[in-house]
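Please look over the model shown here, with attention to its sheet and to the packing of its helices.

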Amino acid sequence: MSKKIEGFSKLSKAEKINWITQMHFEDGTKAKEIVTSYNHANDKIQKSHDEFIENAIANYYLPLGVAPNFVINGEEFTLPMAIEESSVVAAASKAAKFWALRGGFKSQVLDTQKIGQIHFLFDGTTEQIDTFFKETKQTLIDSTASLTVNMRKRNGGITGIELRDKSDLIDNYYQLHLSFETADSMGANFINSCLEQIASTLQSLAKDHEAFKIQQLSIEIVMSILSNFVPQCLVKAEVRCPIDRLAIEEGMTGMEFASKFIRAVEIASKEPYRAVTHNKGIMNGIDALIIATGNDFRAVEAGVHAYASKDGSYSSLSKAFFEGNDFVFQLIVPLSLGTVGGLTQLHPLAKWSMELLGHPNAKKLMEIVAVAGLAQNFAAISSLITSGIQKGHMKMHLLNILNQHGATPIQKEKAMNFFKTHNVSYSAVTDFLKSNP
Ligand code: MEV
């Protein structure tokens, strides 16, 4: 039987679930039971979730954890983290506690510029489009007046517009490259609305332009869209302390730890295979907080990795070095975040997370999120250069393995005790459960 369907989106939610579970699952009744059980008991909450996307049939849960004891610019925070990876929240909490005793984290927004582009084709000369752009620039900006009025009240709006000649890349290809300040919103809708308005004004001005008419020249808009590459929407997070205060591992001096740490970061700065994993560790912290606060983690991921390649080869986002008697560890990342609009105020748990953070504005949220990335990176490298990553990982993963085996509460308790002093592996846990039925 064909699994194609017309008009699926018009079916009711119950009808959608029935169709899917009957068409795609061996045991349709069981599949329906599972997916239905992931709907919220409170109809109002469930309805708000259903309205986030098309064809919603259930909720996909991630654990929401919290990492306490963060001191950021002298203020105390508990960070909300939505993530499935077992060891991430524990690692963040450990790093937070460690640095709270050593002056805490410093974090600072360096810039908040967002970018949008109108990509178009023009079949005249560069001089002609250049002259036309100079003549029409103000009219193009003015055409967005009603869209930007509220943003301008919040000190935001369009902060720059330039014509870029890209005809060396593709014949007749030009761009209007715009910069924006979007205050406390991430700004995607605002930017895209402004761009589409400017594109339409550009096209109609070109149609009425006498010189273009005579020579039958035209502008063809290809697309208008914000860029998720935001190398001027940057935040810097940092920790520092005297080198001797890093003597945390038995048998390792502060200098030995710091030197090995700096070497590990240097490897990530020079070697792309390592850099990708190193930066993935940073994103463990960043994404968890971004998801918890209802921000767009795909946009941030895309922008961060492009930024990591900005010098021509993929490199570490963090730096570690000595400064006098201090060990310094820094992270600079592009983060385009919002605290108004989007899901931040619609998703009850995103709202809750924002309250947990003390209702930060967008700049403060950028500072907190960068710290989560730096903390995670510190925890990962510290483990890698000392005990190795598996010890902590497998300890946290033990419960997942026990759950996969359907272990009883008594078996779990026994296993937790046993594996305090034994190495965790899938087969070791399987054997343990066999001999402790
Ligand atoms: C695992 O999710 C993240 C790490 O691989 C990061 C790193 O290697 O730096 C531990």
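The report below treats the sheet, the helix lying across it, and a helix pair.

This is a predicted model, in which local features need pLDDT of at least 70, side-chain atom pairs count only at pLDDT 80 or more, and totals for chains, interfaces and linings use all residues. Residues are numbered from 1 along each chain as its sequence is written, and side-chain values use heavy atoms, with hydrogens and water left out.

Four strands form an open sheet in the order S5-S6-S4-S7, with antiparallel pairing; strands are DSSP runs of E with at least two residues, helices are runs of H or I with at least four, and both are numbered from the N terminus, while pairing requires at least two DSSP bridges between two strands. Because S5 and S7 stand at the edges with a single partner strand each, one side of each is left without a neighbour in the sheet. S5 pairs with S6 over eight bridges in the antiparallel sense, and leucine 163 stands opposite leucine 176 in S6.

| Helix | Residues | Contact residues in the H9 and H10 pair |
|---|---|---|
| H9 | 254-270 | Val265, Ile267, Ala268, Lys270 |
| H10 | 272-292 | Pro272, Arg274, Ala275, His278 |

H9 and H10 pack at about 115°, their axes 6 Å apart, and are therefore roughly perpendicular (65 to 115 degrees).

Technical notes:
Axes fitted to C-alpha atoms, helices over the stretch in contact; angles between N-to-C directions. Parallel < 35°, antiparallel > 145°, perpendicular 65-115°, else oblique. Contact = heavy atoms within 4.5 Å.
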